[in-house]
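Visitor: I am new to this structure. Please take me through one part of it closely, and then on to what else stands out.

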Amino acid sequence: MDPVSAVPAGEVVTAVTSAGVAAAFVGAGLVAVRVRPRNRVGPLMVVIGLLWLLARFAPLPETAAGVRTALAGAWAAVLAHLVVAFPGGRLTSRLPRAVAGTAYLSTAGVAVLATTGLASSAVVRGAATAGAVLSGLALMGLQVSRWRASSVTRRRSLNPVLAAAVVVTALFVTLKPMMIAGVAVRSLTPVMQVALAAVPLAYLGGLLRRRIDRGGVAELVVHLRDVSRPVSIQRALAEVLHDPTLRVGYWMPESSRYVDADGRVVLPPDGGDRVATRADHDGAPLALLVHDPALLDNPELVEATCAAAALALSNERLAAELRARLHQLAESRGQVLRAAETERRRLERDLHDGVQQRLLSIPMTLSLAESRLSTSPDQARELVGEAKTTTLAVLDELRALSQGIHPPVLTERGLRGAVRELAALAPVPLRLSFEIPAPLPVEVETTAYYVVAEAVANVTKHAGAREARVRVERRGGRLLVEISDDGRGGADPARGSGLRALTGREREVLALMAEGRTNQAVAERIGIAERTVEKHCTSIFAKLGLRASADDHRRVLAVLRYLNT
C-alpha cells in the first residue's frame, strides 16, 4: 500500500489548513510591519503564526505533551491580545488589559500544571477548558461593547477584523472544550482554522481599502474643480474621509479664530470624542478639520485629502471670511440699533420727567393767576411771573436736550465756528489751527466736533493743563483731528491709558470678567478663540497700567477699576 494513501484525508485537510493559518498570520504580520512599522499589530500577528506553527508541527516526543499544551494555549492568548488591542496594537485602558491578562494567566496556569506534573491530566483538561471558556466569553463581551460604543468611522475600520474575531472566538469557546474533553469533533477543526485564517485576511483587506480610500482623493479633486456641479467642501471631505460628523473651520487672521462656511465660530475640541487636524498652506494656517479620532489611525489619508483640497479650502476660506464679516456687520448694526433705542428711551424719559412736568405746571399756574386776578392782582402778577420763569427754564432744558442730539452751533457756523465756540467757553485756553479748504460732509463734521468736545472736557477735568492745542486739517482724503495739552497727561503707554482707551471688544471682555467668567467662558460667550481672549486681557492690563507682579492680581484690579467707573 502506498504510504501517502494511508494518511486519512481529514488529516491532510487539517494539515493544509493549519499551514494556511500560519502562513496567513506571518504574511499579514510582515506586511503590517512594513506598511505601519510603529503599529504593534504586525509583530503580534507574526508571533501568533509562529506559535501556531510550533503547536501544530513541532516534532515533540510523547513525553512533551505538556509543552504542546502550553503552545496550544500561547497562540490563543496572543490572539486575544491582538483582538482587544486592535487597531492600534496597544492596550490603552483597564478593561482590555484585564481581558488580555486573563488570557495570559489562564495559559500560564495550564502550562505550569501540564509541564510540571503537579496535577493529573483530568485536572489539566478541566483548567484548560475553564480558561478557554472564561477568556473567550470575556473577549466576546468586550468586542460587542466596543462595537456598540464606537462611532460610524471607527466601526468602518473595526468591522472586518472584529467580525472574524467574534466568529473565531465563538467557535473556539464551543469546540475547544470538546476537543480537550476528547469528544470527536475533528471534522470541524478545518472550519475553525479557516475562520482563524480570516482574521489576518480581514486585516489585509482593511489595508487594501485604505489604499482605495487614498485613491479616492483624485476623485475629490475632480469634484471640487467641476464648476457645473458645485459641492460643499465639508460634505466632500466628509465623504472621502468617511466621517459624516466632520466639520471644517477656516482661519480668520484678523480675529485669530476659525469659522465655518456660514461664519460661525469653530473652536478646537478639548478632547473626548473629537480631535482636530490643522491644514496649513505655505506655512500659514488655512483650515481646521474637527473629526472622529478614528481617522488618526489613517494619517496618510487625512494629509492627502488636505493637500488635494488646499486650493478649494483657500477659496472657501475667503468666502467664509466674507460671511464672517457680514456677521460682524450685522452684529454692529444690531449694537447701533440697540444704542439708538436706548438713546430714544433716554430722550423719552427726559422729556416725560422734565420738560413735560414743567409744561403741565405752566397752564395750572396761569389758571390760578386768572382766578386771583380780580381779588388779588399782586398775587396774580407773581403767579404770571412764575409761569414766565418756568417757560424760560423749559426753553433752556429743550435747548440743552437738543444740544445733546445735534449742536445748533454746528449747523449755523460749521465745524470751524463750533470749535471756536468750544474754545471760547472752555476754562483752559485753546490754540486753534484749521486747514480745511473745502466743506466737509455733515457726518464728518459732527464726529469731529464731538471728538474735540470730549477731548476738551477730559483736558479740563483730568489734565491740569495751562494750555491746550487743537489742530484740524484735511490730509489725503481724510480729516485729521489732533488735541494736545501741557498737563500731566494720563495716557502714558508705559502706565496704561485708562478705561477710555479700551476698544468695544475689550470692554465686553472686561465686563464678562467682572461677572466672574474664566477666559474659556468668555471665549464661548463672545464666540472667539481663548487665545484671542488672552490677547485682549494683555491689552487691557497694559492700557490700565497694571504691571505683572509676583502675586499678579491684575485681573482683580482690572475688574475693580471697571466696577468703580
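Where is the place of Leu398?

Guide: Leu398 sits in helix α11, which covers residues 377-405. Helices here are DSSP runs of H or I with at least four residues, strands are E runs of at least two, and both are numbered from the N terminus. A word on the model: it is predicted, residues are numbered from 1 along each chain, local features need pLDDT of at least 70, and side-chain atom pairs count only at pLDDT 80 or more, while totals for chains, interfaces and linings use all residues. Side-chain values rest on heavy atoms, without hydrogens or water.

Stay with Leu398. Its relative accessible area is 36%, so Leu398 is partly exposed (buried is under 20%, exposed over 50%, partly exposed in between, with a 1.4 Å probe and protein chains only).

Asp378 and Arg381 are 3 residues apart in α11, which means about one helical turn separates them. An α-helix has 3.6 residues a turn, so residues three or four places apart point the same way. Asp378 and Arg381 form a salt bridge, with their closest N and O atoms 2.1 Å apart (a Lys or Arg side-chain nitrogen within 4 Å of an Asp or Glu carboxyl oxygen). Arg381 is exposed, at 54% relative accessible area.

The whole structure has 10 salt bridges. One of them joins Glu421 to Arg413, at 3.0 Å from N to O. Here Arg413 is exposed at 52%, whereas Glu421 is partly exposed at 29%.

Now look at strand β7. Arg471 meets Glu482 in a salt bridge of 3.1 Å, N to O. Arg471 lies in β7 and Glu482 in strand β8 (residues 478-485), so this pair ties together parts 11 residues apart in sequence. Both ends are partly exposed: Arg471 at 24%, Glu482 at 37%.

Glu473 is also in β7, which spans residues 468-475. At 9% relative accessibility, Glu473 is buried. Its side chain makes a polar contact of 2.7 Å with that of Arg475. Arg471, Glu473, Arg475 and Glu482 are linked in a network of salt bridges.

One last stop is helix α8, residues 233-241. Its buried residues are Ile233, Ala236, Leu237, Ala238, Val240 and Leu241. Just after α8, His242 takes a positive phi of about 55 degrees.

Methods: Polar contact = N/O pair within 3.5 Å; in protein donor to acceptor, adjacent residues only side chain to side chain.
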